[in-house]
Amino acid sequence: MKASLRKHRFFWYIFLNLCLTILFSSIVQASTGSAINRGQASALTLLGLVAFALFIYLFLVIFVPERF
């Protein structure tokens, strides 16, 4: 089971990102009122999640370089 999870880790990250985008896009849309439509809210949420993931990755690369 562990080998299977490690083999498909990238797909789990994509799936998790998609689920979080669906969850947070409604929150973003509700907080802006009717100023932006659903597609724009999803795009903003996806952009935020990708930026946050990139932040964590670069933080780890800088402070734990021997892992990479």
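Trainee: Which element gives the largest share of the lining of the largest pocket?
Mentor: Helix 3 does, with eight residues. Bear in mind that this is a predicted model, where local features need pLDDT of at least 70, side-chain atom pairs count only at pLDDT 80 or more, and totals for chains, interfaces and linings use all residues. Residues are numbered from 1 along each chain as its sequence is written, and side-chain values use heavy atoms, with hydrogens and water left out.

Trainee: How many residues line the largest pocket, and which lie nearest its centre?
Mentor: The lining has 17 residues, and Tyr13, Leu49, Ala53, Leu54 and Tyr57 lie nearest the centre. The elements that give two or more residues to this lining are helix 2 (9-32) and helix 3 (38-63). A pocket here is an open set of points on a 1 Å grid over the protein atoms alone, where a 1.4 Å probe fits, with protein on both sides within 12 Å along at least five of seven lines; lining residues have an atom within 4 Å of a point.

Trainee: What classes of residue are in that lining?
Mentor: By class, 14 are nonpolar, one is polar and two are charged. Nonpolar covers Ala, Val, Leu, Ile, Met, Phe, Trp, Tyr, Cys and Pro; charged covers Asp, Glu, Lys and Arg; the others, Gly among them, are polar.

Trainee: How much space lies in the largest pocket?
Mentor: About 600 Å³.

Trainee: Changing topic, how many helices and strands are there?
Mentor: Three helices and zero strands. Helices are DSSP runs of H or I with at least four residues, strands are E runs of at least two, and both are numbered from the N terminus.

Trainee: Which residues does UniProt list as "transmembrane region"?
Mentor: The unreviewed UniProt entry lists 12-31 and 43-64. In the model, residues 12-31 are 100% helix, with their end C-alpha atoms 28 Å apart. Residues 43-64 are 95% helix, and there the end C-alpha atoms lie 31 Å apart.

Trainee: What about the overall dimensions?
Mentor: Along the principal axes, the C-alpha atoms fill a box of roughly 45 × 30 × 15 Å. The radius of gyration is 16 Å, while a compact globule of 68 residues would have one near 11 Å. That radius is taken over C-alpha atoms, and the globule rule is 2.2 Å times the number of residues to the power 0.38.

Trainee: And what share of the residues counts as buried?
Mentor: 9% of the 68 residues. Buried means under 20% relative accessible area, exposed is over 50%, and partly exposed is in between, with a 1.4 Å probe and protein chains only.

Trainee: Is Ser25 buried or exposed?
Mentor: Ser25 counts as buried because its relative accessible area is 8%. It is found in helix 2, and its C-alpha atom is 4.9 Å from that of Ser42, 17 residues away along the chain. Gly39, in helix 3, is 8.8 Å from Ser25, C-alpha to C-alpha. Gly39 is partly exposed, at 48%.

Trainee: Where does Ile62 lie?
Mentor: Ile62 is in helix 3 and counts as exposed, since its relative accessibility is 60%.

Definitions and conventions. UniProt positions renumbered as here; feature names shortened; annotations may be inferred. Points joined across faces, edges and corners; volume = space filled by probe spheres on them.
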